[in-house]
Amino acid sequence: MKEKRQSQSDPLEWLSRKLETLKMKDYILKIEKEFNRNELYQAHTWTAIKLIILMWWLTVYSRIVPKHFKNYWYIDLLSSSGANFIQETKDIILGSPLLSYLVPYEQFKHHFFVEINSRRKKTLDRMLKLFNFSNYDTIQGDCNEVIQSIPLHAVDNYFCFIDCEGLDIKWSTLETLLSNRGDILLVFQTTEINRVFRKGKKQGISRALDNFCGDEWWKFCDDVQELLEEYMHNLECRANELRKYHNFVDYIRVKGQRHFYYDVFLICRKGPYTDAWSDLKKTLENLQDKHIRAALEVCKGNQTTLSDFIKKQSKLNNFL
Ligand SMILES: C[S@@+](CC[C@H](N)C(=O)[O-])C[C@H]1O[C@@H](n2cnc3c(N)ncnc32)[C@H](O)[C@@H]1O
């Protein structure tokens, strides 16, 4: 009996059961039937890793936050069309907007999806309708402007996913988010940022980096790793200042093909639940091809266990 209760409260086992009952494959088959491949976001195999990180944190968040707050929203600032087409394998996998409905333990009270591209926004509209999802707004526009119209002050807590392609997100947008209570998962496209950084250093100027960093401090960095560390430090300082509580800021590095890599940042309130993040980080630090293959199988609905990525967390169980 005790064992049963333990497994029900274990978020890792819970997520496995959820993935089993979810039948991700059925959603994928429907998308395959109703949508043209060109309408989907053209992605790569290593995209699956960031979606594993997203699924895991959606689980942890939705186990904790509903116990403390009534009104919590999901915000996807770079939402795309709802599904990804993996170019190397020709697979279709669900994108973050759909996962924000399918994965959480408790449903979000509202979802905001922002997308700059009108075709992708239209595809997302059709997809959300097809699956009968409700309680959402889809907004076409630049998220750095749209953020001002999202009434963050009216919400108790939010989960914001910022899935950048490059330097899409302005520092001012992060400051708006950091002025309110919530968790942020931010995809920091390190390889692409490095390209812009090297060009900017050579030319002594980069509007894109000024906007991304909020200032010209990037000019004093020697390399992109220093820029990333400084960015992280600034996130933590600003979050602590604006929120008046201690924040946890950390990143997980995801290595793709050859020299390509990206980093996924988590910004949230400091607490014992961040052990769940650290454990995932430990596995992904030694990312191998087998992890990318396993992540893709999870996203295709062929594998329902995340034990390749996360080990059991007794501390987290105690907290939950
Ligand atoms: C990497 S994709 C997001 C994929 C999505 N998270 C998923 O899991 O399916 C990034 C999206 O952001 C959009 N985008 C780029 N800059 C933007 C901006 N400033 N505001 C809103 N959307 C933007 C792109 O058109 C693209 O569809």
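Start at N135, which is exposed, with 12 other C-beta atoms within 10 Å; a residue is exposed if 12 or fewer other C-beta atoms, placed from the backbone, lie within 10 Å of its own, buried if 20 or more, and partly exposed in between. The model is predicted: local features need pLDDT of at least 70, side-chain atom pairs count only at pLDDT 80 or more, and totals for chains, interfaces and linings use all residues. Residues are numbered from 1 along each chain as its sequence is written.

N135 sits in the loop between α6 (118-130) and β6 (136-140); helices (H or I, at least four residues) and strands (E, at least two) are DSSP runs numbered from the N terminus. The phi of N135 is near 55°, a positive value in a residue other than glycine.

Next, select K90, in the loop between β3 (83-86) and β4 (91-94). Its phi is also positive, near 65°, and K90 is exposed, with 8 other C-beta atoms within 10 Å.

Now show α9 (residues 190-203) and α11 (residues 224-243), which pack at about 110° with axes 10 Å apart. Axes are lines fitted to C-alpha atoms over the stretch in contact, and angles run from 0 to 180 degrees between N-to-C directions. The two helices are therefore roughly perpendicular (65 to 115 degrees). Select T190, I193, N194 and F197 in α9, which meet V224, L227 and L228 in α11 (C-beta atoms, placed from the backbone, within 7 Å).

Finish at the ligand: of the 18 residues around it, L78, S80, G95, S96 and D163 come nearest (near is a C-beta atom, placed from the backbone, within 6 Å). β5 (110-115) and α7 (143-146) each supply at least two residues of this shell.

Technical notes
Angles under 35 degrees count as roughly parallel, over 145 as roughly antiparallel, 65 to 115 as roughly perpendicular and the rest as oblique. Two residues are in contact if their C-beta atoms, placed from the backbone, lie within 7 Å.
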